[in-house]
Amino acid sequence: MKLLRWERAMRKLNLVFAFLVFVFLVNCYFYFQQSTNSVSVVFRPLQRPTNTHSPFNLSALPANDYRSLLNLKDFRFVLNNNRCNKSANGGFDDSVFLIIFIHSAPNNFKKRLAIRETWGNESNFVNDKIRVIFTLGIVFDPSVQQSIERENAEYKDIVQGNFVDSYRNLSYKHVMGLKWVTYYCQNTKFVFKTDDDIFVDIFQLMFYLKGWLSEVFPLRNFMSCYVISNPYPKRSVRSKWHVTYEEYPGKYYPEYCSGWGILMSPDVVFRLYAHSREVSYFWVDDVMISGLLAQRIGVRHIDLTSKLAIEDDDVTGWLKKDELSIPPLFGHPDTDTDTIYALWNKSIKYYRTKYERL
Ligand SMILES: *[C@@H]1O[C@H](CO)[C@@H](O)[C@H](O)[C@H]1NC(C)=O
Ligand SMILES: *[C@@H]1O[C@H](CO)[C@@H](O)[C@H](O)[C@H]1NC(C)=O
Ligand SMILES: *[C@@H]1O[C@H](CO)[C@@H](O)[C@H](O)[C@H]1NC(C)=O
Ligand SMILES: *[C@@H]1O[C@H](CO)[C@@H](O)[C@H](O)[C@H]1NC(C)=O
Ligand SMILES: *[C@@H]1O[C@H](CO)[C@@H](O)[C@H](O)[C@H]1NC(C)=O
């Protein structure tokens, strides 16, 4: 498949898309105006900042910053890659448009491969590049570690921190992603955090980012996701998500992002990271980082809900339809790899048909 065609297609589609987005925004504006939800802030004109310096200021971080992560004092990267550098002689590659960091569990070899072979294939874009890393913690099984190292030797896209990879350590993983962008991908224009069981219509996502957001570039203070409003901790001990009063004493969580798709401008990433030690560790990473920490640095959430395929039916329904229509921007969490391949195949078909019609 000639992937360059997508780039050309995208350029031609830009105007059409800008118009569609405009219509969409107008609709959303009125829709959100009627609701009590604070997300109407999304559609106010975005200001062009007067200061266009890089938002990453490493000298503002404490001296021992690199060697620590939240309350871990001996942090280090076990595996690391300079994905945002120019391949030739170092230096950041300014054509990196979007860095995607994907939470992945050590054993999920097939899930990582499915993403590399579909929406996360960096070759999908040429001029404005995407870069993908998978973030992992450590495992105790040496054979699993060996497989990860072999995988990394082949794809060079694994970033592994020296904390134990476990459910309750996901906040370390999330902040490690922010840390990695801060140190190794300062050149990116946007940052996207997701999980390894998600489908992303990467073309639509890029249209979305380039169509209107880049008009006000460099964009500041931007965080967009599926917003969870009025959330509260689950206290029932029978819930997998049950949280003790010791872990979280409050009655409510602040508004936060569902962690399977968080878009951020780089300054938000830097500020989240720089302030990450100012909130106490909380294992529900979405709440800790996109809720408590986001609140602390004063960032609002822009809701993407209307664009998401949240229900399984949205995904399977779209897959079953005979006629081609625009793919769901995101597949829901826990999408199996077969479905990811199927969604990708049909997306490709959709964009190819659209391209040929234009
Ligand atoms: C970076 O941080 C340092 C230390 O806080 C500060 O002195 C400096 O002015 C900052 N630089 C920029 C460009 O903001
Ligand atoms: C990547 O680019 C950064 C920024 O220019 C530089 O400090 C670093 O040494 C580069 N790394 C490699 C491996 O080229
Ligand atoms: C990504 O796409 C390129 C170009 O089509 C292809 O050569 C490469 O094998 C793909 N990568 C993976 C991991 O499938
Ligand atoms: C989280 O990681 C730390 C550092 O590796 C480790 O000491 C701790 O046991 C881990 N916690 C869990 C619940 O796995
Ligand atoms: C997707 O397309 C590839 C290549 O055309 C094919 O090998 C694969 O079986 C398809 N997968 C699904 C789930 O449709």
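A disulfide is a pair of cysteine sulfur atoms within 2.5 Å. The structure on display is a predicted model, in which local features need pLDDT of at least 70 and side-chain atom pairs count only at pLDDT 80 or more, while totals for chains, interfaces and linings use all residues. Residues are numbered from 1 along each chain as its sequence is written, chains are lettered from A and ligands numbered from 1 in the order in which they are written, and side-chain values use heavy atoms, with hydrogens and water left out.

**Disulfides**

Select cysteine 84 and cysteine 185, which are joined by a disulfide with an S to S distance of 2.0 Å. The angle about the S-S bond is -80°, and the link is left-handed. Cysteine 84 sits in the loop between strand S1 (77–79) and strand S2 (96–103), and cysteine 185 in the loop between H4 and S5; the pair, 101 residues apart, links distant parts of the chain. Helices (H or I, at least four residues) and strands (E, at least two) are DSSP runs, numbered from the N terminus. A search of the whole structure finds two disulfides.

**Largest pocket**

Proceed to the largest pocket, where about 860 Å³ of space lies. A pocket is an open set of points on a 1 Å grid over the protein atoms alone, where a 1.4 Å probe fits, with protein on both sides within 12 Å along at least five of seven lines; lining residues have an atom within 4 Å of a point. The volume is the space filled by probe spheres set on the points, which are joined across faces, edges and corners. Select Tyr167, Leu170, Asp195, Trp241 and Asp286, the closest to the centre among the 35 lining residues. Helix H4 (170–184), strand S5 (190–195) and helix H7 (285–297) each give two or more residues to the lining. By class, the lining has 15 nonpolar, eight polar and twelve charged residues.

**Ligand 2**

Next, select ligand 2 and the residues around it (a heavy atom within 4 Å): Asn82, Asn85, Gly90, Gly91 and Phe92. A polar side-chain atom of asparagine 85 lies 2.7 Å from a nitrogen atom of ligand 2, and a backbone N or O atom of glycine 91 lies 3.3 Å from an oxygen atom of the ligand. Taken alone, ligand 2 exposes 360 Å², of which the protein buries 46% (Shrake-Rupley method, 1.4 Å probe). Its shell has one nonpolar, four polar and no charged residues.

Around ligand 1, display Asn57, Ser59 and Ala60. The protein buries 30% of the 360 Å² that ligand 1 exposes when taken alone. A polar side-chain atom of asparagine 57 is 2.4 Å from an oxygen atom of ligand 1.

Finish at ligand 5, surrounded by Asp338, Tyr341, Ala342 and Asn345. Here a polar side-chain atom of asparagine 345 lies 2.4 Å from an oxygen atom of the ligand.

Technical notes. Polar contact = N/O pair within 3.5 Å; in protein donor to acceptor, adjacent residues only side chain to side chain. Nonpolar A, V, L, I, M, F, W, Y, C, P; charged D, E, K, R; others polar.
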